[in-house]
Amino acid sequence: MHTLIEFAKPILVPLICAVVIVAVLPLVAGYIVLLERKLMADMQARLGPMRVGPHGLLQPIADAVKLLLKEDIIPEEADKAIFWVAPLISVTVAMLAMAALAIGPWFQIADLNIGLLFVMGIGALGIFGIVLGGWSSNSHYSLLGALRSAAQLVSYETAAGMAIVGGLLLAGTLSTREIIQTQDDYGVWFIFAAPVGFFIYAVASIAETNRAPFDLPEAESELVAGYMTEYSGFRWALYFLAEYTNMVVVASIATTLFLGGWLRPFAGTKAFDFLDYLPSLLMLVFAGYCFYRVPKQPVKIQQAVLAAVGLLLILLAGILAAPLLVPAGSLVADAKAGLHGAFWFLLKVGLYLYVFMWLRFTFPRYRFDQLMHLGWQFLVPLSIVNVMGIGLALVLHRQWGWGHLPAFGLTTVLTLAVAGWLAWAGEKKEKQRAIVGEEA
Amino acid sequence: MLDQIVFYFFAVLAVISAVMVVTRRNVVQSAIFLITALLATAGIFLQLHAEFLFIVQVILYAGGIMVLFVFVIMLVSLDVSLNQVQFNRQWWLGLLLALVLGAQLTIAVAVGRAGLPLGEPAPAKMLEPSTQLVGRVLFSEYVLPFEIASILLLVAMIGAVVMAKKKI
Amino acid sequence: MTGNDLQSYAPLLLHLTLAMALSGVLVLLSSLVGWRRPSTTKSQPYECGITPTGDAREPFSVKFYLVAMVFILFDVEAIFLYPWAYIFRELRWFGFVEMILYIGILLVGYFYLWKKGALDWNRPAVRRDRAS
């Protein structure tokens, strides 16, 4: 059995992973949208989607069917060929970027030497989908949205790239798999060694996915829908799919580089092994909630659907618990690494996305000049200082024999001081501008 | 065998897109084909096992410089380019010269192949990850060119400001 | 690690084909299944009810161009950092000094951009002229 798996691995595993990613991502994107709507509703003291399926659980499927049946309008003046191709570029590129990510030790399409650089570089090509789509529609809103989007993506990519360099200094490799393994060896996630780097990446990644508070390219109150104004039906849905795929991609990069990837919290500590039971327990709690809500559903069919979801969660709990319950050495016990790895990775990605949404519901939108200021005059210099700071800490630790804590503590404090100074300078300038504006 | 198929695929793709860049009337469509040509070139780098060069080509040329190109294309009015004569009357002369040059090169390579000092390529599986190789050479033997590159970038920054200032 | 062979890239081709097929098929499917009642009003660009005038593809501010140019320069700079970060362990303090020099020279350029207002979207210098 073992040998058979070893033999089939190099061909079958990437194939299965690719099929799963391409087939499941649209569904996942749909459910992320549902989750976002539910969360938004909760924070605004509403209920959100409740009608289609119990608690709106079938809403994404209904939406997909609706979008498929919508009329596919191409504006008369549009450049038809480019209008057709642009959304496809966005989706294809976003999905291709997923290929080098390791979602759990078993689930990866291709382990590349340039892994993280590949994810970033390919992901950055998505800009063409946006710019060409906005340009080809021949609408003022679309063109403005596309331009803003391009300028914004370009401005924050520098900062994001530099933040990633900070992480790479610590890992000494670009392969996603090895980055996570290095964190396992050190026993520390890189967020604790480079908190400023993580912060820079988090901010830049929100801007790169055009999410609020940096959602200027699609600012509804100014540009209708930005670069997607003229798109309708499934082409529009493809842009949405691309946006949510990109969110998953940036969350995965952050998880891989800063949050320990598929590692369980305290992965190396025996005393915390009870955390291995957490995945199953979590599933059971969700299942329990489902069953608790079943009698409260108004219609029979909704009760049935909710009960089915509950049963599915129990099944998942069982699958996650199985490797822990059988004796070590068997095939089922070996599956623990793959299953639990994927669980922890996806949990971290989910939490990261949750913070994304939380920020969206909390902060008002930035003005465009504020956005450019934050990108070029705060994040870019800070990210450069951050890279040098981490370099200094490593030199202090490796060559001069300082301990980890004093070396990284000192450089983090230094970087924070620079951040404070930059923020102060920006504030001063803003005040000056306000005074000048009043005089004018 | 597989290597050659991959090479010819990317090479043909690059050449076809390059021809399309020149012959398209619509400049934005030309830009799209230029992106394809650059990506096909990246594919050839990959086929040569130069991973780092591949991703640099994707990030810098396809992702960076092409964004600038597209911006510039959008900055100028499209109608002007659509109504202009694409090729002047001597295009056939240019084509003829290009063909002659191509033939000359083909003959030169075909005849003089024996005289070309071609080294044996290292077996690909023995190579280290190319990022590491590039880094090791760049930061030991070629430190000075590397530092000079930063001065070049500095000059480019100043140049960018000066040019844009004049336009405003 | 698989080393540096081409085979680790083969799955990418597969994945690329699948992703392209999925998006293409979805769009085709929707254009087959979808409603179709074209009208002249529908195919006009959307401008919040006002009849659109002129071509939308107008020339725009040179600032976008400047941002793209500065981006490329910083992108080139960042690309040099990747191989450096990759072998930082071998370079020891020598690599650190090298990079300090490199970054230092570039920071001069960055400072110049800042002072010239190339990084400001709304240039305070222009406003001040108007105020005086």
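Me: What makes A45(A) exposed rather than buried?
Reply: A45(A) has 6 other C-beta atoms within 10 Å. A residue is called exposed if that count is 12 or fewer, so A45(A) is exposed. The residue belongs to the loop between α1 and α2 of chain A. Its phi is positive, at about 55°, although A45(A) is not a glycine.

Me: Why is H55(A) called buried?
Reply: The count for H55(A) is 21 C-beta neighbours inside 10 Å. Burial requires 20 or more, and H55(A) therefore counts as buried. H55(A) is likewise placed in the loop between α1 and α2 of chain A, and its phi, near 55°, is a positive value in a residue other than glycine.

Me: How do you know that A19(C) is buried, and which residues is A19(C) in contact with?
Reply: A19(C) has 25 C-beta neighbours inside 10 Å; the threshold is 20 or more, so A19(C) counts as buried. This residue lies in helix α1 of chain C. With its neighbours within four places in sequence left aside, A19(C) is in contact with V22(A), V91(A), T92(A), M95(A) and L96(A). Contact here requires C-beta atoms within 7 Å.

Me: Which other residues of α1(C) are buried?
Reply: Besides A19(C), the buried residues in α1(C) include P11(C), L12(C), H15(C), L22(C), S23(C), L26(C), V27(C) and S30(C). An α-helix has 3.6 residues a turn, so residues three or four places apart point the same way.

Me: How do you know that the span of α1(C) agrees with its number of residues?
Reply: Helix α1 of chain C, residues 10-33, has 24 residues. At 1.5 Å a residue the helix should span 34 Å, and its end C-alpha atoms are 35 Å apart, so the two values agree.

Me: What makes the span of α2(C) agree with expectation, and how many of its residues are buried?
Reply: The 25 residues of α2(C), residues 62-86, should span 36 Å at 1.5 Å a residue. The end C-alpha atoms of α2(C) are 37 Å apart, which agrees. This helix is mostly covered, with 22 of its 25 residues buried.

Me: Why is α3(A) called mostly covered, and how does its span compare with expectation?
Reply: Of the 18 residues in α3(A), 13 are buried, and the helix is mostly covered.

Me: How do you know that the radius of gyration of chain A agrees with that of a compact globule?
Reply: For 440 residues, a compact globule would have a radius of gyration near 22 Å; the value for chain A is 24 Å, which agrees. Along its principal axes the C-alpha trace of chain A spans about 75 × 65 × 45 Å. Buried residues account for 52% of the chain. Of the contacts in chain A between residues at least 6 apart in sequence, 77% join residues at least 24 apart. Its secondary structure consists of 16 helices and zero strands.

Me: What is the confidence in chain A, and where is it lowest?
Reply: The mean pLDDT of chain A is 83, with 95% of its residues at 70 or more. Confidence is lowest in helix α10 (residues 220-223) of chain A, at a mean of 69, and highest in helix α9 (residues 195-208) of chain A, at 90. Where pLDDT is low, the predicted coordinates should not be read in detail.

Me: What makes up the side of chain A that touches chain C?
Reply: In this contact, 75 residues of chain A meet 65 residues of chain C. The largest share of the chain A side, 14 residues, comes from α15(A). By class, that side has 44 nonpolar, 19 polar and 12 charged residues.

Me: Which elements form the side of chain B that touches chain A?
Reply: The contact takes 15 residues from chain B and 17 residues from chain A. On the chain B side, α2 (27-47) and α3 (51-75) each give two or more residues. The largest share, 10 residues, comes from α3(B). That side divides into 11 nonpolar, three polar and one charged.

Me: How many helices and strands does chain B have, and what share of its residues is buried?
Reply: Chain B has seven helices and zero strands. Buried residues make up 25% of its 168 residues.

Conventions. Residues numbered from 1 in each chain as written. Chains lettered and ligands numbered in written order. Predicted model: local features only at pLDDT ≥ 70, side-chain atom pairs only at ≥ 80, totals over all residues. Contact = placed C-beta atoms within 7 Å. Helix = DSSP H or I, 4+ residues; strand = E, 2+ residues; numbered from the N terminus. Nonpolar A, V, L, I, M, F, W, Y, C, P; charged D, E, K, R; others polar. pLDDT = per-residue confidence, 0-100. Rg over C-alpha atoms; globule rule 2.2 N^0.38 Å. Expected span 1.5 Å × (residues − 1).
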